[in-house]
Amino acid sequence: MTVRIDATDRKILAELQRDAGQSLDEIAKQVGSSKTPVWNRIRKLREAGVVGNQTVILDAEALGFEACFFVLIRTSEHEASWQASFLKALQERPEVQEAHRLAGDIDYILKVRVKNARAYDKFYQALISEVRVHNVTALLSMEEIKSTTHLPLEQIRVD
């Protein structure tokens, strides 16, 4: 379903990205509208799939998850059954925060958040015991410079 985004929708989306926990009254005030039209627009955006689940962003380091690894995976397996097994293995591991299938020399990249290198090794051993991979390279993030879930809404063409 495609949805037309106007300037008010874009303001609402910006407010939801900034803080989805704020009240409808607060959002309406920020976008210069009243509560009911804002609610109707949010409902329309949800139904169109523009707005997904609302969640809370936790501080990984504050909770003891101090190691972030980017895992580059090359595989010689490209059959549907292997891909299904690989996808299942990733979905069952809460350490995997993101997984992307890539074009180019690397087939997959994973973002894996764990407490330490020992926890990463445990993750790695479990993964390779379930699915065959040709090559795995793990890169430890030394410092997170930028992390955001915000999309650049100013780039959306307004109708």
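In the predicted model, Asp9 and Arg41 form a salt bridge in which the closest N and O atoms are 2.8 Å apart. Asp9 belongs to helix α1 and Arg41 to helix α3, so the contact ties together parts of the chain that are 32 residues apart in sequence. Asp9 has a relative accessibility of 0% and therefore counts as buried, the limit for that class being under 20%. Arg41, with a relative accessible area of 22%, is partly exposed.

Arg41 also forms a salt bridge with Asp6, where the closest N and O atoms are again separated by 2.8 Å. This pair, too, links distant parts of the chain: Asp6 is located in the segment before α1 (7–18), 35 residues from Arg41 in helix α3. The relative accessible area of Asp6 is 23%, which places this residue in the partly exposed class.

The model contains nine salt bridges in total. Another of them is formed by Lys88 and Glu92, with the closest N and O atoms 2.7 Å apart. Lys88 is partly exposed at a relative accessible area of 49%, and Glu92 is likewise partly exposed, at 46%. Through shared partners, salt bridges join Asp6, Asp9, Arg41 and Lys44 into one network.

Strand β3 covers residues 108–114, and six of its seven residues are buried, so the strand is largely enclosed by the rest of the structure. β3 pairs with two strands. With strand β1 (residues 67–74), the pairing is antiparallel and extends over seven bridges. With strand β2 (residues 96–101), the arrangement is also antiparallel, and five bridges join the two strands. Val112 of β3 takes part in both pairings: this residue is the bridge partner of Phe69 and stands opposite Val96. In a regular strand, side chains alternate between the two faces of the sheet. The hairpin of β2 and β3 has six residues between the strands, and Gly104 in this hairpin takes a positive phi near 110°.

Beyond its neighbours up to four places away in sequence, Leu110 touches Phe69, Phe70, Val71, Ile73, Leu90, Glu98, Ala99, Phe123 and Leu127.

Val56 is situated in the loop between α3 (35–47) and β1. The relative accessible area of Val56 is 63%; because this value is over 50%, the residue is classed as exposed.

Conventions. Residues are numbered from 1 along each chain as its sequence is written. This is a predicted model: local features need pLDDT of at least 70, side-chain atom pairs count only at pLDDT 80 or more; totals for chains, interfaces and linings use all residues. Side-chain values use heavy atoms; hydrogens and water are left out. Buried means under 20% relative accessible area, exposed over 50%, partly exposed in between (1.4 Å probe, protein chains only). Helices (H or I, at least four residues) and strands (E, at least two) are DSSP runs, numbered from the N terminus. Two strands pair if DSSP finds at least two bridges between them. Contact means heavy atoms within 4.5 Å. A salt bridge is a side-chain nitrogen of Lys or Arg within 4 Å of a carboxyl oxygen of Asp or Glu.
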